[in-house]
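Please read the points below with the model open.

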Amino acid sequence: MAAPAEVNQFIPLCVPEIRGREWELVKSCLDTGWVSSVGEYVDDFERHLGRAAGVPYAVATSCGTAALHTALLVAGVQREDEVLVSGLTFIAPANAIRYAGAWPVFIDADPLYWQMDPQRATDFLERGCQWSRGELRNRATGRRVRAILPVHILGHPVDMKPLLDAADKFGLVVIEDATESLGAAYDGRPVGGIGTIGCFSFNGNKLITTGGGGMLVTREETMALRARYLTTQAKDDPIEYVHQSVGYNYRLTNLQAAMGIAQIEQLQVFLSAKHAIADRYSAGLGSVPGITLPSEARNCRSAWWMYTVLIDPGRFGQTSRQLLRRLADSGIQTRPLWQPLHRSAAHKGAFACGGEVADRLHETALSLPCSVGLNGEQQDRVISCIRNLHLRSSA
Ligand SMILES: *Cc1c(COP(=O)(O)O)cnc(C)c1O
């Protein structure tokens with residue numbers, strides 16, 4: 001039997017893995033004085049990300065939310081425009097839409113993969129909108145619809161093909177929020193490089209981290225140049241302080257980029273670890289009544305950033321929140337999904353297409369510990385805790 005101290009050792013949901021050249025590269029910034037927003041590591045990190053997304057241009061930013069805000073601006077989204085966005089996601093992309101003065105239209109999740117439902121999105125564009133004076137407008141609000149912002153949540157890609165077709169047909173820009181899905185692929189193409197612009201985040205809980213940071217990637221040179229301009233306070237002259245636009249201080253520092261390079265060097269190792277974690281959970285929990293495992297679409301490769309299951313209280317014997325509390329009592333940290341955005345007070349009054357699926361997922365989903373460094377024993381402890389809790393509640 002294991003020692004009590006081991007039994008109760010805390011297992012966090014998802015923490016960074018720092019076991020590469022982080023110390024070495026960050027130290028070299030400190031040793032040379034290249035600590036701020038200019039430096040070779042920023043350029044290198046941008047090249048790495050561009051390559052990972054399969055696109056020629058990448059602009060580093062201070063965080064993923066800043067990348068999203070900048071993406072909306074360079075895509076030409078204007079005040080009072082509307083942007084279709086996933087209704088079940090972390091709130092950042094919806095906030096970024098508001099920073100641009102535009103309005104989110106929340107598209108419900110699909111019940112299988114939990115991503116923006118392309119059927120709902122196209123139904124809205126086909127039936128909920130109309131052409132007026134050469135512009136596509138939401139019939140209900142009268143606002144111009146300008147862009148689609150699919151969010152690849154939890155590591156799994158959104159079904160992009162129907163969205164790209166609709167964007168083509170209606171003249172919309174597609175901005176991918178790939179912040180949770182670096183390393184995932186759709187039809188063999190890396191996410192982030194499929195739409196007009198893609199955004200990444202290197203926050204502490206993401207697959208790779210710089211402490212905080214983000215990146216905008218694109219094939220469009222003019223958009224990349226505009227993004228670089230806006231994220232560096234829109235400076236029009238390298239020497240004189242002359243500005244023709246209101247810019248932002250959205251730059252990433254060389255210190256952060258140094259860490260980013262050390263992290264992205266381990267991307268494949270991290271992805272394999274996430275995949276192995278997903279496989280072990282699926283094998284360990286697949287037969288537990290009342291637990292639905294996450295699935296991977298046939299034409300997709302998930303990055304398995306988060307491993308999330310659905311709990312049917314009738315068959316499992318407890319609700320997802322009861323299970324969360326019992327696991328917390330055993331030192332195991334888990335987390336529900338985000339409040340669906342059509343219910344968020346922060347975005348009251350925004351237009352929504354559906355929301356019932358997001359509501360159901362919000363009620364039943366629970367994300368399990370999935371740090372890259374999670375070892376087999378820790379994972380087996382999570383699995384046996386869940387199995388035991390099911391047995392106890394069915395006894
Ligand atoms: C993490 C995250 C972001 C933005 O991240 P930052 O913390 O601003 O770097 C944006 N969208 C989603 C879906 C996220 O999970």
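1. Please bear in mind throughout that the model is predicted.

2. The largest pocket holds about 350 Å³ of space. Its lining is made up of 27 residues, and those closest to the centre are Phe90, Glu180, Asn205, Lys206 and Trp305. Two elements, α4 (64–74) and α5 (92–99), each give two or more residues to this lining. The most comes from α4, which gives three residues.

3. The elements giving two or more residues to the lining are α3 (40–53), β1 (57–61) and α8 (221–231). Of these, α3 has the largest share, three residues. By class, the lining divides into five nonpolar, four polar and four charged residues.

4. How many cavities of 30 Å³ or more are found in the whole structure? The search finds three. The largest cavity contains about 110 Å³ of space. Among the 14 residues lining the largest cavity, Leu154, His156, Pro294, Ser295 and Trp304 lie nearest the centre. Nine of the lining residues are nonpolar and five are polar, while none is charged.

5. The second largest cavity has about 80 Å³ of space. It is lined by 15 residues, with Val15, Pro16, Glu17, Lys206 and Leu207 lying nearest its centre. This lining has seven nonpolar, five polar and three charged residues. Attention may be drawn to Lys206, which is named both among the residues closest to the centre of the largest pocket and among those nearest the centre of the second largest cavity.

6. Alanine 234 deserves a separate look. This residue is found in the loop between α8 and α9 (254–264). Is alanine 234 buried or exposed? Alanine 234 counts as buried because its relative accessibility is 0%, and the cut-off for buried is under 20%.

7. Which residues does alanine 234 touch, leaving aside those up to four places away in sequence? They are Tyr229, Val242, His243, Gln244, Ser245, Val246 and Gly247.

Note on methods. Residues numbered from 1 in each chain as written. Predicted model: local features only at pLDDT ≥ 70, side-chain atom pairs only at ≥ 80, totals over all residues. Heavy atoms only, no water. 1 Å grid on protein atoms, 1.4 Å probe; cavity = no way out; pocket = protein on both sides within 12 Å on 5 of 7 lines; lining within 4 Å. Points joined across faces, edges and corners; volume = space filled by probe spheres on them. Helix = DSSP H or I, 4+ residues; strand = E, 2+ residues; numbered from the N terminus. Nonpolar A, V, L, I, M, F, W, Y, C, P; charged D, E, K, R; others polar. Buried < 20%, exposed > 50% of the residue type's maximum accessible area, 1.4 Å probe, protein only. Contact = heavy atoms within 4.5 Å.
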